Structures are given as structure tokens and as C-alpha cells.
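Here are my notes for you, in numbered points. Keep the sequence and the model open while you read.

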Amino acid sequence: MVGQRCESCRQENPPGNSFCQTCGAPLNSRSVIVSPDKSVNVSKPQLPARQLKRLGASVVIGAVALLAEVGVVYMRRRVQRGEGPRLLTRRKRPLPAQTETRIEEKKTSGKRVITVFSERIVEERRWGRPVRRIVDRLAWRSEETLES
């Protein structure tokens with residue numbers, strides 16, 4: 001490092017100063033000092049095993065706390081939107097009922113017979129597998145006398 005030495009107090013001052021930092025005396029430009037460069041070796045300090053374990057535990061606890069906070073914020077936003085918590089269950093959606101209607105008309109010996117067959121099938125499924133099947137059948141018959 002290049003510096004200037006004060007003639008009155010012999011204190012070394014950084015370059016560019018016009019006055020001494022200690023006594024305030026004016027510095028001469030002739031009193032420039034060049035000090036030899038001192039090399040400094042810095043070795044990495046090694047942490048004992050106990051401190052490493054504590055450090056690791058602190059990092060893990062901090063990460064868990066952060067994840068818990070994120071989860072709480074996520075659930076709070078879902079509740080505010082009205083969605084509520086979602087567990088590992090699927091929503092039950094009712095399947096549309098399958099209906100089939102068939103009309104048969106027969107004319108026999110002066111009579112007209114109309115028969116209506118209606119069938120409704122409702123299936124209940126859980127996880128894509130059929131659980132229950134309800135079949136509702138209705139038959140309606142009408143007889144009319146034909147006038148000739």
C-alpha cells in the first residue's frame with residue numbers, strides 16, 4: 001500500500017490526503033511511503049459435527065415451516081373462493097338416467113290395443129366402477145273399440 005507519513009506524529013495516512021488524520025498537520029508530497037505487500041492466507045474454518053447437525057436441522061425446520069405457511073395460504077384462498085378443502089374423494093356426479101320408451105299398436109277383431117313400455121335405468125358408479133343399478137319399468141295399456 002502506498003501512503004503518506006506525517007512528519008510531526010509519524011502516523012501513516014492514505015494517499016490523496018492533504019492533512020494528517022491524527023494531528024491535522026499538513027502533509028508533504030515528499031514523504032511517500034511504499035509498504036511491502038503482506039500476503040494473508042485465509043483457511044476455511046471447519047465446523048464440528050454437532051454444529052453441522054444443528055445447521056441441517058435448522059434448515060429442515062425452516063423448510064417445513066415455509067411449506068406449512070404456503071399450505072395455509074392456499075387453503076385460505078380456496079375457502080374464500082367458496083371451494084372448500086378437497087380431500088382424496090371424488091365428487092359424486094349423478095349420471096343421467098337412460099330412458100327408453102316403446103309404443104306398440106295392434107288392431108285385432110274390432111279393437112285397437114296401444115301398449116306403452118317405458119324403462120328408466122339409473123346407474124351409480126364409484127371410482128369408475130358400477131356399484132348399483134336401478135331399473136324402473138312401466139307398462140301402460142289402452143284398449144279402444146273400433147267402430148266399423
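This is a predicted model: local features need pLDDT of at least 70, side-chain atom pairs count only at pLDDT 80 or more; totals for chains, interfaces and linings use all residues.

1. R132 is partly exposed, with a relative accessible area of 47%; here buried means under 20% relative accessible area, exposed over 50%, and partly exposed in between (1.4 Å probe, protein chains only). Its side chain meets that of E124 in a salt bridge, 2.7 Å from N to O. By salt bridge I mean a side-chain nitrogen of Lys or Arg within 4 Å of a carboxyl oxygen of Asp or Glu.

2. Residues are numbered from 1 along each chain as its sequence is written, and side-chain values use heavy atoms, with hydrogens and water left out.

3. How many salt bridges does the structure hold? There are six. Another one pairs D136 with R120, with the closest N and O atoms 3.6 Å apart. D136 sits in strand β6 (residues 129-145) and R120 in strand β5, so this pair ties together parts that are 16 residues apart in sequence. Both ends are partly exposed: D136 has a relative accessible area of 40%, and R120 has 39%.

4. Have a look at E105 and R112 as well, whose side chains form a salt bridge at 3.2 Å, N to O. E105 is partly exposed at 46% relative accessibility, and R112 is partly exposed at 24%.

5. V122 belongs to strand β5 (residues 111-126) and is partly exposed at 31% relative accessibility. From V122 to V135 is 13 residues in sequence and 6.5 Å in space, C-alpha to C-alpha.

6. Now the overall layout. The protein chain has one helix and six strands, in the order β-β-β-α-β-β-β along the sequence. Helices (H or I, at least four residues) and strands (E, at least two) are DSSP runs, numbered from the N terminus. Buried residues make up 11% of the 148 residues. Taking contacts (heavy atoms within 4.5 Å) between residues at least 6 apart in sequence, 32% join residues at least 24 apart.

7. Helix α1 covers residues 49-81, which is 33 residues, and reaches 48 Å from its first C-alpha to its last. That is close to the 48 Å expected at 1.5 Å a residue, the expected span being 1.5 Å times one less than the number of residues. Just after α1, G82 takes a positive phi of about 90°.

8. V59 lies in helix α1 and is exposed, with a relative accessible area of 55%. Together with L52 and L55, V59 makes a nonpolar surface patch of about 290 Å².

9. For C6, the nearest cysteine sulfur is that of C23, 3.6 Å away; C6 is buried at 1%. For C9, the nearest is that of C20, 3.6 Å away, and C9 is partly exposed at 32%.

10. Last, R10: this residue is in the loop between β1 (2-5) and β2 (12-13). Its phi is near 65°, a positive value in a residue other than glycine, and R10 is exposed, at 55% relative accessible area.

Technical notes:
A disulfide is a pair of cysteine sulfur atoms within 2.5 Å. Patches are made of residues with over 30% relative accessible area and no salt bridge: like charges are joined within 9 Å, nonpolar side chains (Val, Leu, Ile, Met, Phe, Trp, Tyr) within 5 Å. Accessible areas come from the Shrake-Rupley method with a 1.4 Å probe; for residues, only the protein chains shown count as cover.
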